[in-house]
Amino acid sequence: MGNDPRIMLLIDQLGPEGYGILLLLDDTAQQHPENCRVELIPALAREYNTTAAKIETVIRQYGFFNISDDGCFTLQPDVPWHRKKRSKPKLPADGAAQAIAEHTGPPFIYLPLNDKTEYPVYPDQVREWAALYPAVNVEQELRNMVGWCKANPSKRKTAGGILRFITSWLAREQNKGGSRGSANKAVSGSSAAPTYDLEAYERMSIAAVPGSGKGGAR
């Protein structure tokens with residue numbers, strides 16, 4: 001999967017954000033195929049918290065989509081990363097937002113959610129983000145997110161949209177040149193460069209299907 005030249009070219013040219021757009025388009029194609037129209041690209045850009053130009057680039061330039069004469073775009077049947085439908089993450093019965101079960105150890109930080117619960121961020125997540133966004137001081141940016149959430153309670157994210165919010169924030173910092181200091185090394189233990197680990201890209205770039213929240217607005 002990671003050796004597909006189209007995906008390698010996409011990541012080289014657009015980075016994690018480009019791959020995230022591709023996965024979001026896949027989710028839209030599965031969940032709301034009626035929205036896969038060229039004239040709706042600006043609306044998709046607002047939903048994905050990116051630009052219409054980037055979405056159009058992903059659709060037109062890498063051979064993942066067919067575009068019909070009436071402006072509908074559909075996934076090519078040979079997409080190597082085509083995924084099964086996934087359900088939205090749910091809050092546990094006690095109402096406390098929790099990360100998925102494989103995370104172990106104490107959380108690094110908690111992000112406030114719109115229902116007054118908190119989403120725990122674990123050190124293994126921080127390490128993965130540090131590898132995906134090597135120019136960014138992930139620890140400090142997570143602290144900045146907590147401050148933003150506390151200062152903007154009406155704009156806090158849902159449990160289903162919080163990971164998209166985090167990765168959108170980190171991708172913007174990466175694209176701006178980053179904010180990396182010594183903190184990433186303290187968590188990750190290395191200064192790992194981005195790789196074509198598409199499992200990591202999928203886990204960290206896409207957290208919920210479109211429509212689960214306007215992730216990333218700040």
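How near do the axes of α5 and helix α6 come, and at roughly what angle do they cross? Before I answer, please keep in mind that this is a predicted model, in which local features need pLDDT of at least 70 and side-chain atom pairs count only at pLDDT 80 or more, while totals for chains, interfaces and linings use all residues. Residues are numbered from 1 along each chain as its sequence is written, and side-chain values use heavy atoms, with hydrogens and water left out.

Now to the pair itself: the axes of α5 and α6, the latter covering residues 162-175, come within 11 Å and cross at roughly 120°, where axes are lines fitted to C-alpha atoms, for helices over the stretch in contact, and angles run from 0 to 180 degrees between N-to-C directions. Helices here are DSSP runs (H or I, at least four residues) numbered from the N terminus. That angle makes α5 oblique to α6, a word kept for whatever is left once angles under 35 degrees count as roughly parallel, over 145 as roughly antiparallel and 65 to 115 as roughly perpendicular. The contact, meaning heavy atoms within 4.5 Å, involves residues of α5 including L142, M145 and W148, and residues of α6 including F165, W169 and L170.

Just after α6, G177 takes a positive phi of about 110°.

Finally, α4 and α5 cross at roughly 115°, and are therefore roughly perpendicular to each other.

Notes
Helices (H or I, at least four residues) and strands (E, at least two) are DSSP runs, numbered from the N terminus.
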